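This briefing goes through a single chain by topic. Please have the sequence and the coordinates open while reading.

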Amino acid sequence: MEFIISILPFAAIMGLMYFMMIRPQKKAADKTKDMLASMKKGDGVVTIGGLHGIIDELNEADKTVVINCEGIFLTFERRAIARIKDLAAVATVETFEVESEDNELV
């Protein structure tokens, strides 16, 4: 009986460590994995270096992504994508860029 009582605090600490450290980290990794798997051509993305662009091509074999950054095409590994931007914000930026180009030509 004393053995069980002496192990009980250790088991409680291990359980607390699981729920406070391991489980949230695993959930975040799963969320990132799902985000990278759901990328498609035309999505606005931000890399881990802070580069903003639009996905032009996805290569499943090499696990790379080609990003269009205002006419410059850059190739990154999939894991270099930090987040996918909101599509409404991307559409607004593209519309603004097209309108400003039209104004310069007039």
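How many bridges join strand 1 to strand 2? Three bridges join strand 1, residues 44–47, to strand 2, residues 52–59, and the two run antiparallel. The model is predicted. The pair belongs to an open sheet of five strands, ordered 4-3-2-1-5 with antiparallel pairing.

**Sheet layout**

- Strand 4 (72–77) and strand 5 (81–84) stand at the edges of the sheet.
- Each of these two has a single partner strand, so one side of strand 4 and one side of strand 5 are left without a neighbour in the sheet.
- From one strand to the next, the twist averages 45 degrees.

**Strand 1 and strand 2**

- Within this pairing, Val46 has His52 in strand 2 as its bridge partner.
- The two strands form a hairpin, with four residues between them.
- Gly50 sits in the turn of that hairpin and has a positive phi of about 95 degrees.

**Strand 2 and strand 3**

- Strand 2 is also joined to strand 3, by five bridges, and the two run antiparallel.
- Leu58 stands opposite Val65 of strand 3.
- This pair forms a hairpin as well, with four residues between the strands.
- In this hairpin, Lys63 takes a positive phi near 55 degrees.

**Strand 3 and strand 4**

- Strand 3 covers residues 64–69, and six bridges join it to strand 4 in an antiparallel arrangement.
- One of the residues involved is Val66, whose bridge partner in strand 4 is Thr75.

- Asp43 lies in the loop between helix 1 (2–37) and strand 1.
- Is Asp43 buried or exposed? Its relative accessible area is 4%, which is under the 20% cut-off, so Asp43 counts as buried.
- A polar atom of the Asp43 side chain lies 3.0 Å from the backbone nitrogen of Lys40.

- Which residues make the nonpolar surface patch of about 1100 Å²? They are Phe10, Ile13, Met14, Leu16, Met17, Tyr18, Phe19, Met20, Met21 and Ile22.
- Met21, one of the patch residues, is located in helix 1.
- The relative accessible area of Met21 is 52%, over the 50% cut-off, so Met21 counts as exposed.

Definitions and conventions
Residues are numbered from 1 along each chain as its sequence is written. This is a predicted model: local features need pLDDT of at least 70, side-chain atom pairs count only at pLDDT 80 or more; totals for chains, interfaces and linings use all residues. Side-chain values use heavy atoms; hydrogens and water are left out. Two strands pair if DSSP finds at least two bridges between them. Axes are lines fitted to C-alpha atoms, for helices over the stretch in contact, and angles run from 0 to 180 degrees between N-to-C directions. Buried means under 20% relative accessible area, exposed over 50%, partly exposed in between (1.4 Å probe, protein chains only). A polar contact is a pair of N or O atoms within 3.5 Å; within protein, one must be able to donate a hydrogen and the other to accept it, and residues adjacent in sequence count only if both atoms are side-chain atoms. Patches are made of residues with over 30% relative accessible area and no salt bridge: like charges are joined within 9 Å, nonpolar side chains (Val, Leu, Ile, Met, Phe, Trp, Tyr) within 5 Å. Accessible areas come from the Shrake-Rupley method with a 1.4 Å probe; for residues, only the protein chains shown count as cover. A salt bridge is a side-chain nitrogen of Lys or Arg within 4 Å of a carboxyl oxygen of Asp or Glu.
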